[in-house]
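Hello,

Here is the structure I promised to hand over. Please look through it first; my notes follow below.

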Amino acid sequence: MNTRVDPGLTKPEGAVAPAAWRSLLLQHPLLRPAAALLVLLVLDALLVPGFFRLEIKDGHLYGPLVDILNRAAPLMLAALGMTLVIATRGIDISVGAVVALSGTVAAMLIGGTMVVNNGVPEYVANTPMGTALAAAFGVALLCGLWNGVLVAGIKLQPIVATLILMVAGRGLAQLLTDGQIVTVYYQPYFFLGSGYLFGLPFALYVVAAVLAATLLLVKKTALGLFIQAVGINPVAARLAGLRTATLIVFVYVFCSACAGLAGLLVTSNIKSADANNAGLLLELDAILAVTLGGTSLAGGKFSLAGSMIGALIIQTLTWTIYSLGVPPEVNMVVKAVVVFIVCISQSGEFRALLKRRSA
Amino acid sequence: MTALSGSTQPVLEVTGIHKQFPGVKALADAGLRLYPGEVHTLMGQNGAGKSTLIKVLTGVYQPDGGSIVLDGQAIRPRSTQEAQALGISTVYQEVNLCPNLSVAENIFIGRYPRRFGMVDWRAMRRQAAELLQRLQVGIDVGKPLATYPLAIQQMVAIARALHTDARVLILDEPTSSLDEAEVQTLFGVLRRLRAEGMAILFVTHFLEQTYAISDRITVMRNGEREGEYACAGLSRLALVNKMIGAPADADEDGTEAQAGEEREQGEVFLRARGIARKGALQPVDLALHRGELLGLAGLLGSGRTETARLLFGADRADAGSVEVEGRRVRLANPRDAIAQGIGFCSEDRKHEGAILPLSVRENMILALQARQGIWRAIPMRRQQQLASDYVKWLGIKTASIETPIGSLSGGNQQKVLLARWLATEPGLLILDEPTRGIDVRAKQEIMDYVSALCRKGMSILFISSELPEVLRVSDRMLVMRDRQACGAYRRGELDETSVLGAIAGESAGEGNKDTAKDTAKEGA
């Protein structure tokens with residue numbers, strides 16, 4: 001139990017009775033999403049034999065849990081960016097398009113040509129990988145800037161503003177690739193999405209790094225406070241001296257940057273860029289993850305940890321459905337049902353209704 | 001009084017209401033009696049429980065105990081709709097209507113008259129016009145609500161409340177955003193409704209208005225009913241006394257003597273020359289000295305708030321120049337103004353000031369943090385220190401500094417916003433209606449702090465609709481009318497009649513115009 005008491009400052013948590021602790025814990029905003037994830041995991045443990053089994057093959061950790069985490073990586077990245085956008089009372093539905101665009105740029109620049117060195121065939125990148133990655137990431141940043149300027153500068157409604165890029169971004173990616181799948185033949189690039197470091201998938205380190213950086217940014221600077229203020233009451237925030245427009249541009253750039261990274265993970269993982277399908281509907285899953293994590297679409301208070309749990313709920317659900325051999329057509333419906341249950345359990349109105357019924 | 005003689009049976013009798021919120025006892029043994037055909041004023045300081053009691057009556061809150069009897073029937077409304085169906089209609093302080101819908105739609109929202117299963121627009125317009133006619137408001141009910149001034153919107157809200165065959169009409173501070181003439185119109189409407197036998201419960205902070213309209217007064221203090229009085233038999237002094245529960249020397253005379261002292265004045269802090277904005281403000285000159293309190297008087301829409309917004313960069317001036325401490329500055333946005341040491345408490349606390357779900361602490365440090373920039377976060381210790389210091393100094397009533405500001409009473413929210421600007425240690429603080437909608441005690445306290453700040457050398461631009469308040473504290477005063485300055489007065493020249501004349505645009509004010517210009521320029 002946390003017994004930290006600052007001398008000279010009376011912290012309300014300092015002296016609470018066990019009963020109060022329990023109610024504090026029960027009121028914790030992460031309780032519901034965490035419980036939902038736990039229920040899913042328990043169900044999996046019952047339904048899927050060896051669900052919690054972890055084994056080490058060739059020095060790599062394998063197992064369903066690792067698999068879920070690994071596959072959830074792009075969604076977790078997208079959900080991180082989406083959380084900040086939603087906290088400013090905005091929304092970004094161009095995430096999937098940015099995933100496709102950045103993945104395509106990277107895949108096309110790297111490509112891979114076979115050269116024979118001393119009789120050994122070897123693939124080399126068309127463009128140095130660093131340049132290619134930077135270019136892809138840069139494209140993502142530009143996408144974010146575009147969204148941000150449309151929302152904060154021209155004051156388009158966020159859903160309309162990002163709808164433009166949602167259509168245009170994927171269209172551009174398809175134009176670049178002539179609608180063909182671009183295959184990558186350059187080995188080092190695969191490390192990003194399917195490589196292992198210290199026994200764990202490299203993608204997890206990417207997510208962990210971005211999450212840590214975001215948390216630092218939000219907690220150690222005034223960014224978190226400012227984003228909430230702008231999301232709750234933009235007029236009051238401006239009058240208090242905040243650069244509201246700059247903040248809004250920033251969150252869209254950040255969201256696209258996350259989407260761009262996710263695009264790199266996706267193309268690297270499947271060793272090709274599929275402009276038609278990469279990141280398709282990822283924005284909806286990201287919005288869902290944010291909502292499941294307890295952040296309100298009305299803006300204001302947000303929870304990065306909640307969004308991560310939300311992303312894991314979605315990925316665990318998908319994994320479960322596939323591993324149980326449920327036909328993929330059913331997938332969407334099952335997902336919708338679970339999401340419905342989680343969302344309704346978070347609704348204050350619904351809880352009040354239950355209370356009234358039982359009273 | 002008419003009410004007492006007209007009917008012996010109260011239409012609404014509320015007794016022994018208790019309501020406990022986490023950590024706060026909001027109501028303890030609260031009650032009131034309301035007779036048909038009377039205007040009954042509910043008075044009390046902020047936090048006395050007026051709003052809570054009304055919310056209990058209108059079904060927003062469920063009381064923990066007590067009884068509500070309407071027409072001899074015990075009721076316990078569980079929602080505003082239920083209360084309305086029972087005949088208790090309420091008009092809230094903040095107009096709760098949809099600005100982009102038409103006036104008629106606003107009146108009938110949720111209960112459109114129907115014909116063949118479709119909305120009968122024509123019947124709706126006709127009935128809306130009839131209802132408003134009853135209030136003697138002749139406006140085009142087809143136009144969007146937002147095209148009308150706040151006072152008309154208030155009338156629309158009343159019309160909406162009346163539509164439901166109300167027996168009891170509750171008005172929660174309906175006058176806080178109305179000017180004098182509009183208040184008179186509202187009172188006319190109330191008198192007519194009273195004559196029709198309506199029981200009207202009126203909540204206000206304005207003593208004048210209470211005496212102008214009320215038959216009886218119920219005073220609340222600390223969540224309890226302090227007493228019920230016939231208006232005619234209660235002196236103002238006695239009323240204030242009962243509200244604050246203090247000896248009578250906290251009355252107006254005491255404050256006058258206190259504020260009457262001449263303040264030491266320094267050099268010019270800010271000088272504006274011909275600042276103007278198309279459609280909002282004609283060119284205005286003004287100068288503010290260090291340690292000076294400049295009052296800005298005038299009716300709503302006279303250009304008071306517009307002047308303040310230009311000085312703060314909230315709106316951009318399209319003509320004129322501003323100097324701060326002799327240097328010409330650009331005030332293109334609030335950031336520029338804050339960087340020059342200017343702070344601004346907006347008149348619209350809810351929409352332009354408080355960030356409701358955020359805590360008292362976060363609301364207090366926001367402007368300071370904004371000035372420091374995003375990277376130099378104020379350490380948590382320092383934030384807590386600042387917040388608890390201001391809570392102590394300003395006497396803010398809050399459970400803790402982490403309580404959301406939205407759960408504080410209006411006066412305490414205002415103090416938090418005051419603290420937000422004090423934390424930036426401004427050279428000039430612009431206060432636009434800082435005492436609107438808050439109770440006598442908090443008003444007095446805020447005026448005391450303002451005087452203290454002036455003595456410490458801060459310049460203050462003070463805007464208030466309550467003329468006596470401005471007169472009492474101002475060193476100089478600028479009167480505005482029709483979007484321009486129309487008179488200026490120095491301390492000593494300040495007397496209510498001539499200022500009123502200037503505000504209203506009567507000949508006395510016009511005559512003063514020349515001397516006024518001179519006084520305004522004298523800052524130069």
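Start with strand E6 (residues 88-91) of chain B, which runs parallel to E9(B) and is joined to it by 4 bridges. Two strands count as paired if DSSP finds at least two bridges between them. Helices (H or I, at least four residues) and strands (E, at least two) are DSSP runs, numbered from the N terminus.

Some ground rules. This is a predicted model: local features need pLDDT of at least 70, side-chain atom pairs count only at pLDDT 80 or more, and totals for chains, interfaces and linings use all residues. Residues are numbered from 1 along each chain as its sequence is written, while chains are lettered from A and ligands numbered from 1 in the order in which they are written.

Is strand E9 of chain B enclosed or open? Strand E9 (residues 168-172) is largely enclosed by the rest of the structure, because 5 of its 5 residues are buried. A residue is buried if 20 or more other C-beta atoms lie within 10 Å of its own, exposed if 12 or fewer, and partly exposed in between; C-beta atoms are placed from the backbone. In a regular strand the side chains alternate between the two faces of the sheet. Both faces of E9(B) are covered. B:Val168, B:Ile170 and B:Asp172 are buried on one side, B:Leu169 and B:Leu171 on the other.

Now chain B as a whole. Chain B has 20 helices and 22 strands. Of its 524 residues, 50% count as buried. Take the contacts in chain B with a separation of 6 or more: residues 24 or more positions apart account for 69% of them. Two residues are in contact if their C-beta atoms, placed from the backbone, lie within 7 Å.

One open sheet of chain B has 4 strands, in the order E14-E13-E16-E17, with antiparallel pairing. Its edge strands are E14 (281-289) and E17 (327-329), each pairing on one side only. Strand E16 (residues 319-324) pairs with E17(B) over 3 bridges. In that pair, B:Val324 stands opposite B:Arg327.

Then look at B:Gly44. This residue sits in the loop between strand E3 (38-43) and helix H2 (50-57) of chain B. B:Gly44 is buried, with 28 other C-beta atoms within 10 Å. Leaving aside neighbours within four places in sequence, its contacts include B:Lys50, B:Val219 and B:Met243.

On to chain A. Helix H3 (residues 64-87) has 24 residues and reaches 33 Å from its first C-alpha to its last. That is close to the 34 Å expected at 1.5 Å a residue, where the expected span is 1.5 Å times one less than the number of residues. H3(A) is mostly covered, with 19 of its 24 residues buried. Just after H3(A), A:Arg89 takes a positive phi of about 70°.

Finally, the contact between the chains. Chain A gives 23 residues and chain B gives 27. On the side of chain A that touches chain B, helices H9 (223-232) and H10 (234-239) each supply at least two residues. The largest share, 6 residues, comes from H9(A).

Best wishes
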